[in-house]
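Please open the model in your viewer and keep the selection panel at hand. The stops below are given in the order in which they can be selected.

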Amino acid sequence: MSALLDAQRRFAGALRSAQGEPAMLPLLTGDAERNRGLLGVYRGNAVANANAALTLAYPVCRQITGDDYFDALVRRYWALTPSTDGDLNRYGDHFADFLDGFEPVRALPYLPDVARLEWLVHVATTAADTAPLGGEAFAGLDPDALATARLHMTPGFALLGSAWPIADIWLQHQPDAAAGSGDAFDIDLEQAQYAVVWRDGLRVRVASLSVGAHAFWAAIALVGASFGDAWAGATTHEQDFNLAAAIEQAIACGWLHHIETRGNEQ
Amino acid sequence: MILHPVSPTGIGLRQPHYARVLEERPRIGFVEVHSENFFHDGGAALRTLERARECYPVSLHGVGLALASVDARSQAHVERLAKLVERIEPAFVSEHLCWGAVDGIHFNDLLPFPYTGEALALVAARVNALQDRLRRPVLIENLSAYVQFRDAQMTEAQFLADLVCLTGCGLLLDLNNLYVNARNFGSDPMDALEQLPMHAVREIHLAGHAVTEYGLIDTHGSAVCDDVWALLTAVRRRGVGAPALIEWDTDLPELDILLAEAARADRIGADAGTSDGDRHVCAA
């Protein structure tokens with residue numbers, strides 16, 4: 001094996017755990033005790049860098065758990081799922097799955113879904129800037145063309161269903177949230193919620209959707225269903241599903257990127 | 001003695017200062033950012049960098065390529081950097097002389113390695129490939145390292161001198177790193193300056209460090225110390241006109257503090273003057 005690769009593997013072992021130090025120390029010059037301390041400094045840096053990345057991606061989770069508990073979660077997550085990319089902004093995409101399986105988090109059963117929502121927000125933050133479609137795009141479409149049309153959403157648009165009121169939890173933990181509501185934790189925790197994430201210019205927004213609206217947009221955005229099929233599906237989930245209101249919201253919020261009609265895109 | 005002008009000092013542009021820098025547009029030579037924080041398709045951060053680019057030359061300083069990693073898997077990273085370089089048209093593109101990933105794990109840190117012939121061949125090939133892809137020279141920065149390897153066949157400065165000869169890359173001379181290493185390993189920072197090819201220096205980093213029980217740690221969290229300022233004077237006297245940069249990442253102070261540090265670096269450049277002495281010739 002290459003001597004350089006061998007050195008890097010030994011170094012990596014000492015970074016992953018203090019148990020890796022004995023294999024690394026003979027490669028180094030100078031006092032072994034001091035080198036042990038310095039390897040500890042490197043080990044601390046690696047965890048601190050992972051912590052900074054997860055703190056950036058999961059600020060609401062950090063608020064909910066408190067700093068010390070979040071730091072402990074990061075150490076455990078990093079031990080199980082270290083970074084694989086030179087860009088730390090990509091680190092943490094499996095954090096919600098980790099929380100799902102982490103017994104001590106059971107006391108905060110909504111935390112994994114809050115983490116899922118935060119990752120969607122994190123991804124939307126850096127999604128491509130696009131000009132959303134205006135209402136006039138629908139003007140020239142006859143009903144038949146509309147029924148078979150496929151709508152395409154703007155980059156960053158995402159949906160998440162949860163057994164918990166994740167949109168409300170997220171919104172109440174935003175820096176500008178408390179002003180209106182008074183009580184920051186005035187949330188019915190028993191309420192399931194469908195969250196929608198989207199880019200409003202350079203800002204990322206989160207809101208909750210009705211079950212019908214969620215079914216409609218999920219069919220369009222995730223399944224690639226036609227407008228007509230998505231509408232039909234939505235009414236089976238919500239008898240009173242208001243299609244006009246859903247389209248109005250999509251246009252007002254800038255969710256739509258373009259409409260694909262048979263043999264034609266606009 | 002032929003006097004060369006010293007390029008004006010820049011500052012590291014960090015998020016808490018975005019608004020003030022864009023509004024007030026202080027007189028600085030350039031701004032530097034960490035490349036990876038802009039590997040995006042869009043969004044507010046990238047927009048800010050594009051606005052900064054309208055007022056200043058930009059330096060893209062990478063922290064994630066980990067050039068000396070034997071097991072790098074970094075092609076996607078190089079492509080993201082190439083896309084950003086195309087978008088921003090930076091004045092400098094730089095990376096560190098370090099490794100960071102092995103067996104699929106990335107430590108996202110700047111880690112030292114033994115300076116051997118094997119490592120030199122690897123890093124030279126990586127730098128050449130990077131320069132070919134970006135179609136421009138890159139700058140490689142000397143590292144602050146807290147441990148040293150028994151296997152080393154040369155000093156870091158000799159390694160960098162050879163790397164410059166093998167690849168034509170430039171040097172990003174970090175004087176704080178040079179100082180931290182010299183103090184931690186009991187050597188004279190002037191020796192490293194002697195071994196480094198001054199003609200290849202395209203940018204100079206200035207930063208603060210922390211004093212700990214394990215020695216000096218490169219934290220970028222305080223003012224530049226007097227000994228490092230003295231090193232800048234020494235470098236200027238050797239005819240290096242490359243611009244300096246005030247690098248501050250942790251415990252970020254008010255923008256005015258950074259600007260005052262930058263002004264001090266400018267004064268040292270003006271006072272010392274520069275000559276075109278100290279040309280370095282590559283060994284055969």
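Begin in chain A by selecting residues 211-223, helix α11, together with residues 227-237, helix α12, whose axes come within 8 Å and cross at roughly 150°. This is a predicted model, in which local features need pLDDT of at least 70 and side-chain atom pairs count only at pLDDT 80 or more, while totals for chains, interfaces and linings use all residues. Residues are numbered from 1 along each chain as its sequence is written, chains are lettered from A and ligands numbered from 1 in the order in which they are written, and side-chain values use heavy atoms, with hydrogens and water left out. Helices (H or I, at least four residues) and strands (E, at least two) are DSSP runs, numbered from the N terminus. The axes are lines fitted to C-alpha atoms, for helices over the stretch in contact, and the angles run from 0 to 180 degrees between N-to-C directions.

α11(A) and α12(A) are therefore roughly antiparallel to each other, a term used for angles over 145 degrees, whereas angles under 35 count as roughly parallel, 65 to 115 as roughly perpendicular and the rest as oblique. To see what lies between them, show the side chains of Val211(A), Gly212(A), Ala215(A), Phe216(A), Ala219(A) and Ile220(A) in α11(A), which meet Phe227(A), Ala230(A), Trp231(A), Ala234(A) and His237(A) in α12(A), contact meaning heavy atoms within 4.5 Å. The residues of this contact divide into 9 nonpolar, 2 polar and no charged; Ala, Val, Leu, Ile, Met, Phe, Trp, Tyr, Cys and Pro count as nonpolar, Asp, Glu, Lys and Arg as charged, and the others, Gly among them, as polar.

While still in chain A, select Glu21(A), Glu33(A), Arg36(A) and Arg43(A), which are linked in a network of salt bridges.

Now move to chain B and select Arg14(B) and Asp249(B), whose side chains meet in a salt bridge at 2.6 Å, N to O. Arg14(B) lies in the loop between β1 (10-12) and α1 (18-24), and Asp249(B) in the loop between β12 (244-246) and α9 (255-272), so the pair ties together parts of chain B that are 235 residues apart in sequence. Arg14(B) is buried, with a relative accessible area of 12%, and Asp249(B) is partly exposed at 29%; buried means under 20% relative accessible area, exposed over 50%, and partly exposed in between (1.4 Å probe, protein chains only).

Select Arg87(B) and Glu50(B), where the closest N and O atoms of the salt bridge are 2.7 Å apart. Because Arg87(B) lies in helix α3 (residues 75-88) and Glu50(B) in helix α2 (residues 44-55) of chain B, this pair ties together parts that are 37 residues apart in sequence.

Which residue forms a salt bridge with Glu194(B)? Arg238(B) does, with the closest N and O atoms 2.9 Å apart. Arg238(B) counts as buried at 15% relative accessibility, whereas Glu194(B) counts as exposed at 51%.

Finish with the backbone of Arg135(B), which has a positive phi of about 55° although it is not a glycine. Arg135(B) is found in the loop between α4 (117-134) and β7 (139-141) of chain B, and at 69% relative accessibility Arg135(B) counts as exposed.

Definitions and conventions. Salt bridge = Lys/Arg side-chain N within 4 Å of Asp/Glu carboxyl O.
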